[in-house]
Structure formats: C-alpha cells, structure tokens
Amino acid sequence: MVLLPRAGGAARGWAGGAGRSPPPLAALSEVLRLERNRRTGVVFPLQKLERCLAPGADTARFRLFQPGLAALQRAEALFRSGRHHAVDYVSSAVRMDHVPPPTLPEVCFIGRSNVGKSSLIRALFSLSPEVEVRVSKTPGHTKKMNFFKVGKYFMLVDMPGYGYRAPQDFVEMVEAYLQERHNLKRTFLLVDGVVGLQKTDHVAVEMLEEFGIPYVMVLTKIDRASRGLLLKNVLEIQEFVKEKTQGCFPQLFLVSSLEFSGVHLLRCFVAHVTGNLPTLEAS
C-alpha cells in the first residue's frame, strides 16, 4: 500500500516522564509529511528492502500484514495516552503469584539481553511521555517481568533478557509465564538485525515451539546494518522460519528504535493481535 500525506537514553535512568517531548517521527502525522520513498521506508521497512531482491523472487512473506492508514492511526491512538485513556507502567514481578490479574489481552517482548528490547518498548510508548521505561547502557538490566497497561485494551510485558547477565531464575520465571498466562495473545521475539539468529535465540525458539506459543520475530537495530547485511539476515531468517518453525508468523518485522522505522507498523500489529483492530482479518 502507499500512504498518502494529509493536508496541511544514553545514561542509565528512566526514559520518559511528564514534560518530555516525543522524538521526531514518533507520530504518524510527522511521517506523512516525508517524501514518498522515505515515508515507505519508515512505515514499511521490509517492503523497501524488498526492492533489493532479484527479479522474480518470492515476496509473499514481505507483505502478509499490510494495514491501511486508518488502521495505523487507530493503533497509534491506543498508544497515545489521553484524558480518558491511561497508558502506564503497572507493576513488576518475579513470580506468577505477583503478576497482575489476566483480565486483558496481553503481549510480551523477549530477546537477548543486549538486543534493544527496552529501547523498542520506549519507542512504542513514545507518545505517552508519562510512561517510564528503564533503558540502560548495561545489557541485562531488566531482571523482572514489567507490566504496562494500555487503557482498557491490552497489557504489554517487558520480559528479562536471556543470555548475557540473565537473572538466575530466568528459565523458571519465563517458562512459568509462557505456560500459565492464558491471556497471552502473541510473544514478540527480538533478534539483533546486525548479527541475526544466535544460539541463545535458537533456544528461545525451541522453547516457544515446545510450548505451542504463537510468536513473531522482530529484527532490531536495523539502522546499524548495511542494506546488504540486513537483506542477508532477513532472507536467512525467513528461510529458517519457513523450514524450522510452526508457531512463528511468517512475516518478519524490522525496527529501528532510533529512527522509528517499523515502529508504527509494529504498534499496528500489537493492536491487531490483541483484538483491537476489528476491521482486519485475523492472522
């Protein structure tokens, strides 16, 4: 689809907070002011990468989720707090008996400890400056399950990172959550777009497949990868998903928390899988 323009944390600490202005391109209205090619690159980075494929290449997996402008705007509204729509951090937990009650649809984000998970969640919530998402230069800072409530619509969970500096009770915590959280609608498995799938990512995939958890892969830090390297990693991971997985959504999502590439589309997919975009067919 083509979007038509309308008229008219370095140091350790809390990112967000009242009084902070959203960064450039955090809002869809700012993206729509860009020239067409750049606009497509920000909203649909995978489709822009598709242009680098050889003629006749299979592009079906590049375009499985193609929301229109109305759906993108609806999703953005969910992530923007307002007078009658609160978006905020709820609580943290290390055990299942401490988690919030499962009254809303839920999504969780999981990945290696230095994959940029908290930075991505901060980008998703950038239009709600009162939401505090802790971002650190030190990998592995997230040690608990952190729950964020998006009004009356859904809950988003920032899970501890695996691999380097993972919490000692990581396996018990995460496995219990994935197996017992019956309101969990989709797990977002974050993979570094520069280095591709690593051994620890394969372990995470095996766990999700074993538990029968529906999930989607998100490639982070795409602004740090050359176009050739990014395309190589995308094609390799797409082939892996096709041949080795059962529960993974076939389309990859590419994001840059710094440049906001893919963030608008990911907001829309989160809204979709939590049942908040009724006009879209289920995926």
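**Close-up views of a predicted model**

View 1. At 11% relative accessibility, Leu25 counts as buried (under 20% relative accessible area; exposed is over 50%, partly exposed in between; 1.4 Å probe, protein chains only). Leu25 sits in the loop between β1 (13-15) and α1. Its phi is near 70°, a positive value in a residue other than glycine. Most residues other than glycine have a negative phi. This is a predicted model: local features need pLDDT of at least 70, side-chain atom pairs count only at pLDDT 80 or more, and totals for chains, interfaces and linings use all residues. Residues are numbered from 1 along each chain as its sequence is written, and side-chain values use heavy atoms, with hydrogens and water left out. Helices (H or I, at least four residues) and strands (E, at least two) are DSSP runs, numbered from the N terminus.

**View 2. Phe260, in the loop between β9 and α9.** Phe260 has a positive phi of about 70° although it is not a glycine. Phe260 counts as buried, at 2% relative accessibility.

View 3. Strand β8 (residues 215-220) runs parallel to β9, joined by 2 bridges. Val218 stands opposite Phe253 in β9.

**View 4. Strand β3, enclosed on both faces.** In β3, 6 of the 6 residues are buried, so the strand is largely enclosed by the rest of the structure. Glu106, Cys108 and Ile110 lie on one side. Val107, Phe109 and Gly111 lie on the other. β3 pairs with β6 in the parallel sense over 4 bridges. Phe109 stands opposite Asp158 in β6. On β7, 6 bridges join the strand to β3, again in parallel. Here Glu106 stands opposite Leu184.

**View 5. The α4 and α9 packing.** α4 and α9 pack at an angle of about 80°, with their axes 8 Å apart. The two helices are therefore roughly perpendicular to each other (65 to 115 degrees; under 35 is roughly parallel, over 145 roughly antiparallel, the rest oblique). Ala71, Leu72, Ala75, Glu76, Leu78 and Phe79 in α4 meet His264, Leu265, Arg267, Cys268, Val270 and Ala271 in α9. Contact means heavy atoms within 4.5 Å. The residues of this contact divide into 9 nonpolar, 1 polar and 2 charged (nonpolar: Ala, Val, Leu, Ile, Met, Phe, Trp, Tyr, Cys and Pro; charged: Asp, Glu, Lys and Arg; polar: the others, Gly among them).

**View 6. Helix α2 and its neighbours.** The buried residues of α2 (residues 36-43) are Arg39, Thr40, Gly41, Val42 and Val43. They pack against α1 (28-31), α3 (45-50), α4 (69-79) and α9 (263-273). At the start of α2, a side-chain oxygen of Glu35 reaches to within 2.9 Å of the backbone nitrogen of Asn37.

Technical notes
A polar contact is a pair of N or O atoms within 3.5 Å; within protein, one must be able to donate a hydrogen and the other to accept it, and residues adjacent in sequence count only if both atoms are side-chain atoms. Two strands pair if DSSP finds at least two bridges between them. Axes are lines fitted to C-alpha atoms, for helices over the stretch in contact, and angles run from 0 to 180 degrees between N-to-C directions.
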